[in-house]
Amino acid sequence: RSSSVAERLIDGWPFAASYFNELGAAARNLTYNENAGIARLGRRLGRFVRFNRYRLAHLAEGLSDKQRLAFAVLSYLLHANERELPGFSRSRFVVHGLSQFDFNETIRGAVREIFQQQDLRSPPAEFRPVIRSLFVVTDIGTLAQRDGDLLRFYTVVDLRSMGETVRRDLAQRLDKIVDWASQMGLAIEFVLVDPAWSREGDFAGLRGESARGYLNLERFYREAIYLAGDLPVFWCTTPGVDLERHIKTARLANRVDFDERLSFVDLGFVAFPPVAVRRRAMLALLNHDAYTPISVMLNLVLLVHGANAASALCEHLKSRIYKGQDLDQLIDPYFLLFDAACIALSHHGEWAQLSFVRKLFVLKVALQALRAGRSRRSFMVSFNRIRPFLVRWGWDVEVLDLATQVQKSDHGRMNALNLDITRAILRLYQEISTSSKNSPGR
């Protein structure tokens with residue numbers, strides 16, 4: 001396969017290789033269907049599976065060996081409810097089970113090693129598993145990775161149909177798993193997502209804040225790594241479709257019996273609010289949600305110069321994945337964010353800011369490659385991933401020298417760089433302040 005060399009250079013590839021094999025096989029079966037639309041869906045799902053596996057491999061690359069084992073075990077703990085396992089619940093209600101759970105070799109090996117279970121059998125499938133889908137969002141394995149980064153597991157459950165007792169028992173079970181993961185060196189949290197509420201703009205509990213909810217949903221589609229369960233309808237739709245077409249696709253996915261290994265969930269259509277409302281929602285997210293300094297700066301650039309974009313970034317990502325091109329350049333979600341920020345700055349003629357963003361991007365890639373401590377060949381592979389970015393926006397030779405100095409903890413250069421980033425962020429906030437004085441509303 002053409003990707004075999006790249007795969008061997010990813011430390012996390014052996015971890016991710018056994019994931020999604022059943023899903024991939026089901027997608028391949030669809031490609032032979034006589035119906036052209038279903039065959040096209042199979043090709044799209046196949047490309048999504050490949051892309052998703054690459055992202056999981058890069059996440060694993062950012063974990064220690066102990067953390068990888070704990071991460072692999074988590075989906076098993078959610079699916080099985082056994083007395084000797086963390087998270088065991090005595091509830092008289094079913095508060096366990098993960099739809100389409102695949103007891104693959106990575107998970108099997110991790111369960112065997114952590115819990116010293118030699119005679120392992122695949123846990124029985126629940127008739128109605130409580131968890132419909134499981135995703136993870138994290139900066140681990142990305143340009144923005146820092147020590148102690150959180151793994152946020154978005155857990156899709158039908159909350160509206162649950163009674164208070166069931167919700168309480170499920171929450172207690174998840175808390176036990178969080179405590180166990182902490183002991184294993186993993187900082188995690190579970191975010192419950194009800195698909196019906198999510199479709200109404202209430203993504204992950206933002207009731208009454210539909211504008212922020214839709215922006216969070218868009219970011220989720222861009223950054224989330226699928227782990228198990230029902231596939232989002234978003235990954236079945238044609239890039240750029242309108243709401244009506246999205247709803248038709250969701251109905252078709254639920255009505256047609258494609259393959260027992262394939263099931264779908266509609267988490268919602270990204271309905272962008274008017275530009276003025278969108279800007280306020282973007283600012284509210286930056287003020288209230290956890291962002292890394294670089295993420296803050298890039299999102300501020302998009303707030304000031306790109307809030308009037310006609311289509312969502314997640315749609316651009318989907319389009320490029322479906323075309324099967326540039327997957328290496330899309331694995332890290334920050335690559336797409338950097339590129340979008342540069343496009344917005346170029347459209348507004350902000351060349352000085354664009355030059356700084358470009359410098360910062362190349363610096364982060366260089367630092368990531370240096371800290372990996374690998375061979376020169378592997379270092380060049382890291383830069384080959386951003387070749388299209390460099391061709392489009394240019395190259396700063398001195399950035400490599402700066403990266404070496406920062407890597408060696410040159411405090412003078414590090415302080416100067418931090419000051420530059422702070423000034424860039426403050427400049428963007430000043431632009432927002434000036435703009436808000438001329439605009440009505442809060």
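**Close-up views of a predicted model**

**View 1. Helix 4 in the positive patch.** Helix 4 (residues 36–61) supplies the largest share of the positive patch, three residues. The model is predicted. Four arginines form this positive surface patch: Arg-40, Arg-43, Arg-47 and Arg-245. Of these, Arg-47 has its place in helix 4.

**View 2. The salt bridge between Arg-160 and Glu-200.** Side chains of opposite charge can pair when their charged atoms come close. Here the closest N and O atoms of Arg-160 and Glu-200 are 3.7 Å apart. The pair links distant parts of the chain, 40 residues apart. Arg-160 sits in the loop between strand 2 (151–156) and helix 7 (164–183). Glu-200 lies in the loop between helix 8 (195–199) and helix 9 (210–223). A search of the whole structure finds 13 salt bridges.

**View 3. Confidence along the protein chain.** Mean pLDDT for the protein chain is 84. A value of 70 or more is reached by 87% of the residues. Which element has the lowest mean pLDDT, and which the highest? Helix 1 (residues 4–8) has the lowest, at 47. Strand 1 (residues 133–137) has the highest, at 97.

**View 4. The stretch of residues 1–6.** Here the pLDDT is below 50. Beyond near neighbours in sequence, residues 1–6 have seven contacts in the model.

How values were computed
Residues numbered from 1 in each chain as written. Predicted model: local features only at pLDDT ≥ 70, side-chain atom pairs only at ≥ 80, totals over all residues. Heavy atoms only, no water. pLDDT = per-residue confidence, 0-100. Helix = DSSP H or I, 4+ residues; strand = E, 2+ residues; numbered from the N terminus. Contact = heavy atoms within 4.5 Å. Patch = residues over 30% accessible without salt bridge, like charges linked within 9 Å, V, L, I, M, F, W, Y side chains within 5 Å. Areas by Shrake-Rupley, 256 points an atom, 1.4 Å probe, with all protein chains shown as cover. Salt bridge = Lys/Arg side-chain N within 4 Å of Asp/Glu carboxyl O. Lys, Arg positive; Asp, Glu negative; His and termini not counted. Charge placed at Lys NZ, Arg CZ, Asp CG, Glu CD.
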